[in-house]
Amino acid sequence: MSKEDRVYFESELLKELKGLEWPGLSIKAVKGGVKFRWEKKLVAELDFQYLVNSNAYVLNGIVFGGPIFDCSSEVNPPYKSNLGSAACFSFTTSGRQDKKFGTSIYGTISVPKREDAGAICAHIRRALESHYVPLMAGCILPSARTIDDVLASPTDYAYPALFIHCAVAYNSGIISSENLEKVKLNKKIIKNKDFDLGLLSSL
């Protein structure tokens, strides 16, 4: 695809993503991504990263603010974060084979031809509305899906047990006794038994 196809696609994608919404958050589509604000503060971003060698995009997400992040920041766990940043949650579709972003097993969406751009932009909007926006929102304002999301991919969270502790502290109704048992048995969540189970014992 030509550079003109890429520029056209990015401009069409920006138009397509206007008007994304989530209760309690302000969401704004910008060139190359989506920004999330809570109480007027920038707290999270989705970013469409262009890969030159494959002429395709991956989707990256990061949460660096909000109630769960603020709570987590006050605690210093006795082990290293899963993430290479100060965020409480971060992901990339690169290498993921769940095909939630695109149909490629590499987690990418190729730059489309101009005549296909509209359909691809509509697909991306559906993917964001059905999965990625709720995923990000649940990391800012804890909801019914938050614990399931941590269980599904614990390594996307800096300190998953601490994240769950802070999420439930903010919204105590989001965890069931069944999910709590699943959390306690998950070795990717419980990395230090004394510390992590101690956090979860009060839930």
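## Overall dimensions

A compact globule of 203 residues would have a radius of gyration near 17 Å, and the protein agrees with this at 18 Å. That radius is taken over C-alpha atoms, and the globule rule is 2.2 Å times the number of residues to the power 0.38. This is a predicted model, in which local features need pLDDT of at least 70 and side-chain atom pairs count only at pLDDT 80 or more, while totals for chains, interfaces and linings use all residues. Residues are numbered from 1 along each chain as its sequence is written, and side-chain values use heavy atoms, with hydrogens and water left out.

Along the principal axes, the C-alpha atoms fill a box of roughly 55 × 35 × 30 Å. The accessible surface is about 10,500 Å², and carbon and sulfur atoms hold 51% of that; the areas come from the Shrake-Rupley method with a 1.4 Å probe, and for residues only the protein chains shown count as cover. Of the 203 residues, 47% are buried (buried means under 20% relative accessible area, exposed over 50%, partly exposed in between, with a 1.4 Å probe and protein chains only).

## Order of the elements

You will find seven helices and six strands here. Helices (H or I, at least four residues) and strands (E, at least two) are DSSP runs, numbered from the N terminus. From that end, the order reads α-β-β-β-β-α-β-β-α-α-α-α-α. Among contacts (heavy atoms within 4.5 Å) with a separation of 6 or more, 60% join residues 24 or more positions apart.

## The nonpolar core

The largest nonpolar core has 63 residues, and Phe36 and Leu128 touch the most other members. Such a core is a set of buried Ala, Val, Leu, Ile, Met, Phe, Trp, Tyr and Cys residues joined through side-chain atoms within 4.5 Å. Helix α3 (residues 117–140) supplies the largest share of this core, 12 residues.

Leaving aside neighbours within four places in sequence, the contacts of Phe36 include Leu25, Ile27, Leu42, Val43, Val133, Met136 and Ile140.

## Helix α7

Now to helix α7 (residues 193–200), where Asp196, Leu199 and Leu200 are buried. Seen down the axis of α7, the buried residues fall within an arc of 100 degrees, so they line one face of the helix; the arc is that of the directions from the helix axis to the C-beta atoms. These buried residues pack against α5 (160–170) and α6 (177–185). On the other side of α7, Lys193 and Asp194 are exposed.

## Asn60 in strand β4

Asn60 sits in strand β4 (residues 56–63) and counts as buried, at 17% relative accessibility. Its side chain makes a polar contact with the side chain of Thr92 at 2.7 Å. A polar contact is a pair of N or O atoms within 3.5 Å; within protein, one must be able to donate a hydrogen and the other to accept it, and residues adjacent in sequence count only if both atoms are side-chain atoms. Not counting residues up to four places away in sequence, Asn60 touches Glu45, Leu46, Asp47, Gln49, Phe91 and Thr92.

## Two loop residues

Ser104 lies in the loop between β5 (89–92) and β6 (109–110). The side chains of Ser104 and Thr108 make a polar contact at 3.4 Å. With residues up to four places away in sequence not counted, Ser104 touches Arg96 and Lys99.

Ala86 belongs to the loop between α2 (67–72) and β5, and Ala86 is exposed at 68% relative accessible area. Ala86 and Ser73 are 13 residues apart in sequence, with a C-alpha to C-alpha distance of 8.7 Å.
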